[in-house]
Amino acid sequence: MGEAVLSVDDLKTYFRVKEGLAKAVDGVSFQIHRGETLGLVGESGCGKTVSSLSILKLLEMPPAEFHSGSILFEGQDLLTFSEQQMRNLRGKSISMIFQEPMTSLNPMLSIGFQVGEVLINHEGLTTRQARARTIELLEMVGIPSPEKRITEYPHQLSGGMRQRVMIALALACNPKVLIADEPTTALDVTIQAQILELMMDLRENLGTSILLITHDLGVIAETAHRVAVMYAGKIVEESDVATIFKNPLHPYTQGLMKSIPRIDESGSTRRLAEVPGMVPNLYNLPPGCSFFDRCPVGIEKCRATCAKLVAFDGDHSVRCWVAQDG
């Protein structure tokens with residue numbers, strides 16, 4: 001697919017907490033090419049959001065620390081950028097739809113001001129032009145009466161409408177890379193479909209690259225080209241979407257697939273499968289595979305050492321001794 005627009009290599013983002021060093025992102029590597037959507041999936045606490053915030057350097061330091069790795073955007077390592085360089089980049093070249101809009105929007109500023117500020121600073125629009133474009137963006141993401149809404153404040157909007165404002169902010173400058181962290185949370189299925197269609201239109205028409213973080217495997221199946229599965233700060237499996245759904249190799253990925261709700265041919269439902277146990281504490285990870293205590297097929301080799309992420313079949317990579325030896 002050509003040269004990668006965004007390339008993350010051996011990224012290690014740790015948090016120094018009183019219990020120890022929490023390895024939230026522990027040697028993560030992935031690439032996103034122009035016009036491609038990479039889905040990042042896994043349970044809460046696996047490091048997906050920290051990975052995305054690391055790209056934009058939006059973590060408070062300390063307690064966060066970058067221990068190694070690089071984040072290349074169009075050939076430049078973002079980890080070497082100054083704060084001013086990152087400010088110029090954020091919202092224009094790389095945008096992000098945050099997971100929680102209520103804490104991401106400024107409660108003291110109107111919706112119109114917050115969206116318009118991005119357009120004025122990054123696109124050089126006049127105040128009048130920014131107002132017109134803001135109304136257009138709010139209408140585009142399904143907010144009714146946008147002329148009225150631009151004068152309102154975040155607390156006056158529902159959770160779903162705040163989420164749509166966040167999406168309008170992220171799409172305002174037609175970014176080259178869009179990071180979408182649970183972009184359809186709190187939205188009904190109709191608006192969800194509209195938002196996903198907007199993102200896909202941006203990808204098709206402008207060649208925008210998308211990092212899509214979600215728990216919804218149905219959204220991944222519909223919109224992503226490739227998918228990376230994260231567990232306890234590491235990517236445990238990566239391949240194209242069709243291969244992952246047809247032939248998941250890692251026991252954790254298999255568990256996620258089994259937990260998808262299904263209705264059989266008779267129309268009856270079955271009890272949802274579950275992955276037993278919890279994600280381990282990131283400041284006290286075991287020496288071997290972090291999934292060992294929850295794994296139904298783990299062997300003693302898994303307890304002792306963690307497998308490397310290696311190609312199993314073409315572009316299909318997996319971090320699992322059982323899958324690699326089998």
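Leaving aside its neighbours within four places in sequence, which residues is T134 in contact with? They are G112, V115, G116, L119 and I150, where contact means heavy atoms within 4.5 Å. This is a predicted model, in which local features need pLDDT of at least 70, side-chain atom pairs count only at pLDDT 80 or more, and totals for chains, interfaces and linings use all residues. Residues are numbered from 1 along each chain as its sequence is written, and side-chain values use heavy atoms, with hydrogens and water left out.

T134 sits in helix α5, residues 127–140; a helix here is a DSSP run of H or I, at least four residues, numbered from the N terminus. T134 counts as buried because its relative accessibility is 1%, and buried means under 20% relative accessible area with a 1.4 Å probe, protein chains only.

A search of the whole structure finds 2 cavities of 30 Å³ or more. A cavity is a set of points, on a 1 Å grid over the protein atoms alone, where a 1.4 Å probe fits but cannot get out; lining residues have an atom within 4 Å of a point. A volume is the space filled by probe spheres set on the points, which are joined across faces, edges and corners.

The largest cavity holds about 90 Å³. It has 14 lining residues, and the closest to its centre are H250, C289, C302, C320 and W321.

Technical notes
On a 1 Å grid over the protein atoms alone, a cavity is a set of points where a 1.4 Å probe fits but cannot get out, and a pocket is an open set with protein on both sides within 12 Å along at least five of seven lines; lining residues have an atom within 4 Å of a point. Helices (H or I, at least four residues) and strands (E, at least two) are DSSP runs, numbered from the N terminus. Buried means under 20% relative accessible area, exposed over 50%, partly exposed in between (1.4 Å probe, protein chains only).
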